[in-house]
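Subject: Structure handover

Hi,

Here is the structure I promised to pass on. Please have it open beside this message as you read.

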Amino acid sequence: MALLDTVVMRGLSIQGALSPEDKALLLGLELSPRRMSANEVLWQERADADLFCVVKEGWAYSYRSLKNGSKQNLKFYLPGDIIGMRDFGFARRLSSAAMISKGVVYPFSYQQLFELFGRSNLAVGIMATAIRQQAILSERLIYLGQYAAHEQLAHFLYEFYLRLKRIGAVENNTFLMPLTQQLISDALGMSPVHVSRTFSMLRDKGLVIRDRQQVKLPDPEALASLVGFNDSYIDELLPPMFTEFLRNSP
């Protein structure tokens, strides 16, 4: 049930916008789980683009390799996310993708996606997934360009807090974040040393406690307030107008 368990499809199901036939179609797709090791590459930039992957377990990320040998990390994927939506419509991959931790992914082909497009509800769900992934990238452009370093990291952490909370991976405001300081620095455009200092600054303000891969936000609302976080782009539910249309569609 990998596709049915993706974030947006789960939201549509909660809203009653997926019919039993829609759910059966998602469940009937032949998705074979693929076990992945930490740091294993899913595909390289400019490779042929012909499939997506649903993350079932573990964390993954997409990135671009720069000419100076460094990376720009574009997107981090959690369980329930689809990797590769950004490449759809292109013959070759726009970026590379790799696992961060060990996990399980479900590959599915473009042809299988075309089969879903025959049902309007599922097509809307796939389109919403792609648009929401783009919204996360757009939001990062805003805070990277306008915020100070401690605000950038605060936004970054609070975004993960919300994304993990919606899949039940936060307990007592604490979550696991298997990101090295190098991965964070490649996402935020800071050096690893600067990332470390910025974590220390947020810790001294009583906003973040980090112990290796475990992160605790003692006061999530205060962290969100620090950057004026607008969580509308994180919401997994579609507007009522959309779901009303989908419920009434043939």
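Below are some notes on the sheets and on the helix packing.

First, the ground rules: this is a predicted model, in which local features need pLDDT of at least 70 and side-chain atom pairs count only at pLDDT 80 or more, while totals for chains, interfaces and linings use all residues. Residues are numbered from 1 along each chain as its sequence is written, and side-chain values use heavy atoms, with hydrogens and water left out.

Let me start with the sheets. Four strands make up an open sheet in the order β2-β7-β4-β5, with antiparallel pairing. Strands here are DSSP runs of E with at least two residues, helices are runs of H or I with at least four residues, and both are numbered from the N terminus. Two strands pair if DSSP finds at least two bridges between them. At the edges are β2 (41–43) and β5 (71–77), each pairing on one side only. On average, neighbouring strands of this sheet are turned by 30° against each other, direction ignored. Angles run from 0 to 180 degrees between N-to-C directions, and axes are lines fitted to C-alpha atoms, for helices over the stretch in contact.

β2 is joined by two bridges to the antiparallel strand β7 (residues 96–99), and V41 stands opposite A98 in β7. Across β4 (60–65) and β5 lies helix α6 (residues 181–188), which runs at about 105° to β5.

There is also an open sheet of three strands, ordered β9-β11-β10 with antiparallel pairing. Its edges are β9 (174–176) and β10 (209–211); each has a single partner strand, so one side of each is left without a neighbour in the sheet. Neighbouring strands are turned by 20° against each other on average, direction ignored. Three bridges connect β9 with β11 (residues 214–216), the two running antiparallel, and L176 stands opposite Q214 in β11.

Now for the helix pair. The axes of α5 (residues 149–165) and α8 (residues 220–227) come within 9 Å and cross at roughly 130°. That makes α5 oblique to α8, a class that takes whatever is left after under 35 degrees (roughly parallel), over 145 (roughly antiparallel) and 65 to 115 (roughly perpendicular). The contact (heavy atoms within 4.5 Å) involves residues including H150, E151 and Y161 of α5 and P220, L223 and V227 of α8.

Best wishes
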